[in-house]
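Please walk me through this structure.

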Amino acid sequence: MKFLLFIDKVYSKIVIFFLLLSIPFAMVSVYLYMKLPNIIPIQWGITLSPSNWGSKATIFIFPIVLLIVPTFMSKKTINSQEKSITGRMATEIIMLLVLAVILIMMIGAYYFYFKMI
């Protein structure tokens, strides 16, 4: 229970961290946009080989998602939707996991894009 209370206390700070993290990723996306070819891989298979290709403008999806998700899942929004403390904490933990997965996917995709330059 102490862990859940800790998450509840630091949730707002973590959300602000992810919001601020979208700024450097947006700048990296602009840099990559100028350097990458017009068609880039946008999906990778289990063997990490490209399985789908698309426009290089898709690199802006990650920073936009990283900006939108924390904005709409602020502590104020969660508190207005969920009345029980257990439900609020569960929602906060799920959102932090979603943000962590998005961040890991961004780092992996940008790693492949930098290898293409």
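Which residues make a nonpolar surface patch of about 580 Å²? Keep in mind that this is a predicted model. The patch is made by Val-30, Tyr-31, Tyr-33, Met-34, Phe-114 and Ile-117. Helix 1 gives the largest share, with four residues. Ile-117 sits in the segment after helix 4.

Now turn to the helices themselves. Two packed helices are described by the angle between their axes and the distance between the axes.

Start with helix 1, residues 2–35, and helix 4, residues 85–116. Their axes come within 10 Å and cross at roughly 25°. Angles under 35 degrees count as roughly parallel, so helix 1 is roughly parallel to helix 4. The crossing of this pair is left-handed. What residue classes make up the contact of helix 1 with helix 4? The contact has 24 nonpolar residues, one polar residue and two charged residues.

Next, follow helix 1 to helix 2, which spans residues 61–72. Here the axes come within 8 Å. They cross at roughly 165°. Angles over 145 degrees count as roughly antiparallel, and therefore helix 1 is roughly antiparallel to helix 2. The crossing of helix 1 and helix 2 is left-handed.

Helix 1 runs roughly parallel to helix 4 and roughly antiparallel to helix 2. Helix 1 also supplies four residues of the nonpolar patch.

Note on methods: Residues numbered from 1 in each chain as written. Predicted model: local features only at pLDDT ≥ 70, side-chain atom pairs only at ≥ 80, totals over all residues. Heavy atoms only, no water. Axes fitted to C-alpha atoms, helices over the stretch in contact; angles between N-to-C directions. Helix = DSSP H or I, 4+ residues; strand = E, 2+ residues; numbered from the N terminus. Parallel < 35°, antiparallel > 145°, perpendicular 65-115°, else oblique. Left-handed = near helix turned anticlockwise from the far one by under 90°. Nonpolar A, V, L, I, M, F, W, Y, C, P; charged D, E, K, R; others polar. Patch = residues over 30% accessible without salt bridge, like charges linked within 9 Å, V, L, I, M, F, W, Y side chains within 5 Å. Areas by Shrake-Rupley, 256 points an atom, 1.4 Å probe, with all protein chains shown as cover. Salt bridge = Lys/Arg side-chain N within 4 Å of Asp/Glu carboxyl O.
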